[in-house]
Amino acid sequence: MNTSVILSYAFMYFVLFVAVPFVFVMFVMTCIKFFRADPEEAAHHEMKLKPVLFDEDSFNFFKSLKTVVEGKYDVCCNVPLDTVFDMDQHDADLNHECRLDYVLIDHDSSEVKMVISDAGKQINSPMKKLFSKFNIGFIEMNQHKHWDPTSLKQALAV
């Protein structure tokens, strides 16, 4: 046999039995790498449904707040600050994590009438100034302690 024929067969068998399986194995390994679920990432992104939305004290406060407003206002909980105010994108990104505990909205006009916040938070002093600037009532209450519903009714009447 001629040397060129032998080299041609050797090249053909090399491609068929070495190069093609190598490319196929590399393709399969790449697919496995990209489509495989990483157990560490899956543990960090695992979601579970909370059994209850509020703890017992907060839920009792929420129910009593709903009875105080007597259907005249809607009560929204855990509202982001950038939902209440029109902000440019920079301010909205900075304040998106800031949440208002309870927001009372006029049932007829959907205007924000009052904000009730937990007194234990440190961010409330700048919030007071911000809401007073826009003539919106801001009340600091600790829902875990006894609160006076008549004072809240008086504040809503103003």
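Visitor: Which residue follows α3, and what is its phi?
Guide: The residue after α3 is E70, and its phi is positive, near 50 degrees. Helices (H or I, at least four residues) and strands (E, at least two) are DSSP runs, numbered from the N terminus.

Visitor: What kind of model is this?
Guide: This is a predicted model, in which local features need pLDDT of at least 70 and side-chain atom pairs count only at pLDDT 80 or more, whereas totals for chains, interfaces and linings use all residues. Residues are numbered from 1 along each chain as its sequence is written, and side-chain values use heavy atoms, with hydrogens and water left out.

Visitor: Back to α3. What should its 14 residues span?
Guide: Helix α3 (residues 56–69) should span 20 Å at 1.5 Å a residue, and its end C-alpha atoms are 20 Å apart, which agrees. The expected span is 1.5 Å times one less than the number of residues in the helix.

Visitor: And which residues of α3 are buried?
Guide: They are S58, F61, F62, L65, V68 and V69. These residues lie on the same side of α3, because they cover an arc of only 120 degrees around the axis. The arc is that of the directions from the helix axis to the C-beta atoms. Buried means under 20% relative accessible area, exposed over 50%, and partly exposed in between (1.4 Å probe, protein chains only).

Visitor: Which exposed residues does the face turned away carry?
Guide: That face of α3 carries the exposed residues E56 and T67.

Visitor: New topic, the sheet. In what order do the strands come?
Guide: The order is β1-β2-β3-β4 in an open sheet of four strands, and the pairing is mixed. β1 and β4 (137–141) stand at the edges with a single partner strand each, so one side of each has no neighbour in the sheet. From one strand to the next the twist averages 25 degrees. For such angles, axes are lines fitted to C-alpha atoms, for helices over the stretch in contact, and the values run from 0 to 180 degrees between N-to-C directions.

Visitor: How many bridges join β3 to β4?
Guide: Five bridges join these two strands, which run parallel. V115 stands opposite F138 in β4. Two strands count as paired if DSSP finds at least two bridges between them.

Visitor: And in what sense do β1 and β2 pair?
Guide: Strand β1 (residues 73–80) and β2 pair in the antiparallel sense over seven bridges, and D74 faces I105 in β2. β2 also pairs with strand β3 (residues 112–118), again antiparallel, over four bridges; there V103 stands opposite V115.

Visitor: How many of the residues in β2 are buried?
Guide: Seven of the eight residues in strand β2 (residues 99–106) are buried, which leaves the strand mostly covered.

Visitor: What about the hairpin of β2 and β3: which residue takes a positive phi?
Guide: S110 does, near 60 degrees, in a hairpin with five residues between the strands. Most residues other than glycine have a negative phi.

Visitor: What is the phi of N78, and where is its place?
Guide: N78 has a positive phi of about 55 degrees although it is not a glycine, and its place is in strand β1. N78 is partly exposed, with a relative accessible area of 46%.

Visitor: And N135: buried or exposed?
Guide: N135 is exposed, at a relative accessible area of 73%. Its phi is positive too, about 60 degrees, and its place is in the loop between α6 (124–133) and β4.

Visitor: Switching to rings: how many aromatic pairs are there?
Guide: The count comes to five aromatic pairs. Rings of Phe, Tyr and Trp (its six-membered ring) pair if their centres lie within 6.5 Å; planes under 30 degrees apart count as stacked, over 60 as edge-to-face and the rest as tilted. One of the pairs is Y13 and F17, which is stacked, with 5.9 Å centre to centre and 15 degrees between the planes. Y13 and F17 are four residues apart in helix α1 (residues 3–35), so about one helical turn separates them. Y13 counts as partly exposed at 45% relative accessibility, while F17 counts as exposed at 56%. The pair of F85 and F134 is tilted, because the ring centres are 5.2 Å apart and the planes stand at 45 degrees. F85 lies in the loop between α4 (81–84) and α5 (89–95) and F134 in the loop between α6 and β4, so the pair ties together parts 49 residues apart in sequence.

Visitor: Which residues form one aromatic cluster?
Guide: The cluster consists of F85, F131, F134 and F138. F85 counts as buried at 11% relative accessibility, and F134 as partly exposed at 45%.
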